[in-house]
Amino acid sequence: MNILVVGAGGREHTFAYKIAQSPLCSQLFVAPGNAGTATIAENIPVGVTDFEAIKEIVLSKDIEMVVVGPEDPLVQGISDFFANDPALKNIAVIGPSKEGARLEGSKEYAKEFLFRHQIPTAAYQSFTAATVAEGKQFLETLQAPYVLKADGLAAGKGVLILQDLEEAKTELENMLTNQKFGAASQKVVIEEFLDGIELSVFVLTDGKNYITLPTAKDYKRIGEGDTGLNTGGMGAISPVPFADAAFMQKIEEQIVQPTVAGLAKEDIDYKGFIFIGLIKVGDDPKVIEYNVRMGDPETEVVLPRVQTDFVSLLQHVANQTLDQAEITIDSRAATTVMAVSGGYPEAYEKGKEITGIDTVEDALVFHAGTTLVGDKVLTNGGRVIAVTSFGDDFRKALAGSYDQIQKLNFDKMYYRKDLGFDL
């Protein structure tokens, strides 16, 4: 069948890499794609939220399945757009309905869902510009550090963790009245701080049945030792060494099962990925957040470990027969290290030529922010390229990623050299 992947980052390049390996895929298209996807698929320069243009592609290229990578089109209702269009309604869309996507689109909605289904998470309250004073009073009832979350989508940057009460009050005002994160912070969720170590669990669901994919841990901060500003992710490790069988059983019983059952109970149409951001507090897992798609750069370590035909799994999702699917996982560890543009996550330059990609050996190169100009690969984003390696454990895998990433070069290239420091 002909398949379209929607998106332009490392996650979408990894999707394309796995889909292209499947004998079930005849032709593969990526919209808009990047320099990496161009080597294994046909890129089509279309915006991820331009649903009419995506419709044209689907009809003209005889697409039978659309795999949606990023959150924006999901939150804006691409699944509903297909379901409600007579010409598109029989196309399989891998991605939840607009209602399902609210789990990521609104922090408040997600918290209410967690509480409704008695899934362990931090205590919280929500505030708007009209209730800033009450928000400041609520902060006074909490212990430091203080967690402020913009309710809407803020590209992974809408969360502040502050040690000082007065600074927390000032930032609450900045978010609500000065729109620090734009429309995303018209409402702010203030949350109890949970002290522990984070991990991510990925679930593939058809709305009734589910398969748990490998765990991963990503590193969000730009600086070594987890310092500096938050980014979209500087690298990732899979599996998470501290997530043993007993801990995974708790996650399954207390979080994954009630999440999928809650979606079904509320009649929310959900066919796709659930990314559950967790924290291990003592010996117990608690949910920090839901995302309604795969993570990036976690996809670059999770999917390469999946040995089952990826397209067959997605077909089971589309047909609601995931209970009939079996999944085989590579027992080795996988790690990815992200090379980023100098200055990221603040101002950075694009258009720098990248060299050395073809010299990388025994590792996978996934393009994130790249573009092809003639026969040159140029930087086209803050996070540029991820290098994924395998090893008997995460340290050996990391040694491979670090060894190979040194072969890449572009002006002001930067990557963190301390991934796994906290494990």
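1. Helices (H or I, at least four residues) and strands (E, at least two) are DSSP runs, numbered from the N terminus.

2. This is a predicted model, in which local features need pLDDT of at least 70 and side-chain atom pairs count only at pLDDT 80 or more, while totals for chains, interfaces and linings use all residues. Residues are numbered from 1 along each chain as its sequence is written, and side-chain values use heavy atoms, with hydrogens and water left out.

3. Helix α6 spans residues 107–116, and seven of its 10 residues are buried (under 20% relative accessible area, 1.4 Å probe, protein chains only). Among them are Y109, F113 and L114, but also K107, E108 and K111. The buried residues pack against several elements, including α5 (98–105), α9 (245–265) and β17 (284–291).

4. Strand β17 is also an edge strand, as is β11 (210–212), each pairing on one side only. Their open sheet has four strands in the order β11-β10-β16-β17, with antiparallel pairing (strands pair if DSSP finds at least two bridges between them).

5. Within this sheet, nine bridges join β10 (residues 197–205) to β16 (residues 272–281). V201 stands opposite I276 in β16. Helix α11 (residues 310–319) packs on the sheet and touches β10, β11 and β16 (contact means heavy atoms within 4.5 Å).

6. V132, G135, K136, L139 and E140 in α7 meet residues of α8 that include L165, A168 and L172.

Terms used. Buried < 20%, exposed > 50% of the residue type's maximum accessible area, 1.4 Å probe, protein only. Axes fitted to C-alpha atoms, helices over the stretch in contact; angles between N-to-C directions.
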